Amino acid sequence: MLQLATQVALLVVGFASTPGSVEVVLLEPLAAATDHAPPRFTRVVDAARIETIHGWLEHPCARRALALYAMAADVRAARDPAYIRVPYPIALVPGGNHADAGYIEVATDGTETTCDVPFIKLDPSAEAFGRTFLHESGHVALGIVAGARGIPAEPVASIPHTVTAITDRSTAFNEGYAIHLEAIAVHLGEDAGAGPRDRHERMVFGSDRPSESEYFRPAVDFASYAQPRARYRMVRDGEFAFAPASQCDGYLRAQLDPARDGASLLNADQMVASEGFAASSFFAFVMRGPTLPDAATIDARERRMLEAAAEMFATRSPDPSAPLLVDWWTTLLRSADAADVRSLADVVLDRCHGAFVDADAARLWRSTYTAALTLDLGSFAPAELKRARANWRDRLVADPGLLASRLGAVVPFHVPDVEIAVVAFGGAAPLSFDVNTATEGVMRSIPEITADDVTRWSDERARQPFTSADDFLARVAKDTAFAAKLRPGVPN
Ligand SMILES: [Zn+2]
């Protein structure tokens, strides 16, 4: 099973319906060389350590991660004859759980080899080889199919990305893709969670430990920042299509609290900058159907997702403001045959509730929500809604480019006077947002802004997304006190 004592050949089933073999290179940082860029690694040679890691690689999430790596290499090789497959490099770095590209391998005789390939930094622990490994392998897989162009992101938000937040288009696509893999693993029962809070049969009261006491339960998922439970339940249920419930208590609650206002649909620009919404789109593409798809179907759909991503990356602009999620859906719809295109159109239209294609979508949804709220069951699915949804589908099948019709530009502003701080991360960053995606809670974080300003901003944006900073200032901020607080662009 072990090759050259440092490579592990694995039989992969699980994610892939077709068994295959994936080679792994296990690396570790050179002593006192961890801060170098690119990082310098040497191969793990300790046989007992390799055997331990081999055991961790049997986790269903790890097997899915390895199969995904092989699938991404297949997709890339099919498009790029010059692509050279390499074993999956896994660098065992304490606490370093993220995907990266480019490292230097130092052999025992001191010879250095530059390896300009995607790799993963993973904490050497059994836990890291579960959902974390799968998530980060999602980034590695997208990096492989993106090829040399990469997936450039231009951060707009004041905080690191997280599933509940609206950040920027590239981040949302890349993170949403990685999160959908975690949601699938939980959906299929491959990762039920290992912590006390994941075990619902336990109901512990009176304990001072946040990880187990019911007192802390409403905040404990939230306190992890990663919010692993929201990453499944809210992604499965498509809840990130709706505005945050908290609109009056500052930037962090608006961005981080998972509670939603189910009556208020986000706009198209907000959806393409939401990693939770992107994850729910990818998840729906794979898991759609009246019964659980079998392994072969899941495998084929995951491959098709990566093929569409590769096609999109090869043909669309590398501009970080490109609306990748909409470009990806458009690519899929254009490549679908007649039998499939209607069902794919239904998935994307139901996930966005029509927001990508219809200026009236938010009103239609609110009246549906209100009818349910008031038990006005005669109005719950009215003929008007039925006609609208049929019309959306017909128009989208005829022209997949329609998905981009409601999108505006990315128009960032920041407020140097207001600092946003998440204590555990240290430091602070100025309040920063895209005027086409800021939720009302984010708008209200700007000093001197009035209720009328917020209403005018929302109404003008719904009428027509802003095309530039000047357009925003002219339509919303003219003769206002809050305009003096704003600076165009992202903070330096
Ligand atoms: Zn990630």
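Predicted model: local features only at pLDDT ≥ 70, side-chain atom pairs only at ≥ 80, totals over all residues.
User: What is the phi of E448?

Analyst: Most residues other than glycine have a negative phi. E448 is a residue other than glycine, yet its phi is positive, near 75°.

User: Is Q227 buried or exposed?

Analyst: Q227 is not a glycine, but it has a positive phi of about 50°. Its place is the loop between α5 (217-223) and α6 (230-236). The threshold for burial is 20 or more other C-beta atoms within 10 Å. Because Q227 has 20 C-beta neighbours inside 10 Å, the class assigned to Q227 is buried.

User: Which helix gives the most to the side of domain 1 that touches domain 2?

Analyst: The chain is divided into domain 1 (2-149), domain 2 (169-193 + 228-404) and domain 3 (412-488). The contact between domain 1 and domain 2 draws 23 residues from domain 1 and 21 residues from domain 2. On the domain 1 side, α2 (60-79) and α3 (131-146) each supply at least two residues. With nine residues, the helix that gives the most is α3.

User: How many Å separate the centres of domain 1 and domain 2?

Analyst: Domain 1 covers 2-149, while domain 2 is made of two segments, 169-193 and 228-404. Taken over C-alpha atoms, the separation of their centres is 31 Å.

User: Which residues is N174 in contact with, leaving aside its neighbours within four places in sequence?

Analyst: N174 belongs to helix α4 (residues 169-187). It is buried because 22 other C-beta atoms lie within 10 Å. The C-alpha atoms of N174 and E275 are 7.9 Å apart, although 101 residues separate the two along the chain. Once neighbours within four places in sequence are left aside, the contacts of N174 are H139, L142 and I151.

User: Which residues touch the most other members of the largest nonpolar core?

Analyst: In soluble globular proteins, nonpolar side chains tend to be buried together. The largest nonpolar core here has 125 residues, and those touching the most other members are Y69, I90, V145 and A309. The largest share of this core, eleven residues, is supplied by α2. Beyond its neighbours within four places in sequence, V145 is in contact with A72, V75, R76, L306, A309, A310 and F313.

User: What distance separates the C-alpha atoms of A78 and E307?

Analyst: A78 is part of helix α2. It is exposed, because 11 other C-beta atoms lie within 10 Å. A78 and E307 are 229 residues apart along the chain, and their C-alpha atoms are separated by 9.4 Å.

User: At roughly what angle do the axes of α9 and α12 cross?

Analyst: Two packed helices are described by the angle between their axes and the distance between the axes. Residues S280, S281, A284 and F285 of α9 meet V347, V348 and R351 of α12. By class, this contact has four nonpolar, two polar and one charged residue. The crossing is right-handed, and the axes come within 10 Å and cross at roughly 145°.

Methods. Residues numbered from 1 in each chain as written. Axes fitted to C-alpha atoms, helices over the stretch in contact; angles between N-to-C directions. Helix = DSSP H or I, 4+ residues; strand = E, 2+ residues; numbered from the N terminus. Left-handed = near helix turned anticlockwise from the far one by under 90°. Contact = placed C-beta atoms within 7 Å. Nonpolar A, V, L, I, M, F, W, Y, C, P; charged D, E, K, R; others polar. Domains from an automatic or database assignment. Buried ≥ 20, exposed ≤ 12 C-beta atoms within 10 Å, placed from the backbone. Core = buried A, V, L, I, M, F, W, Y, C linked by C-beta atoms within 7 Å.
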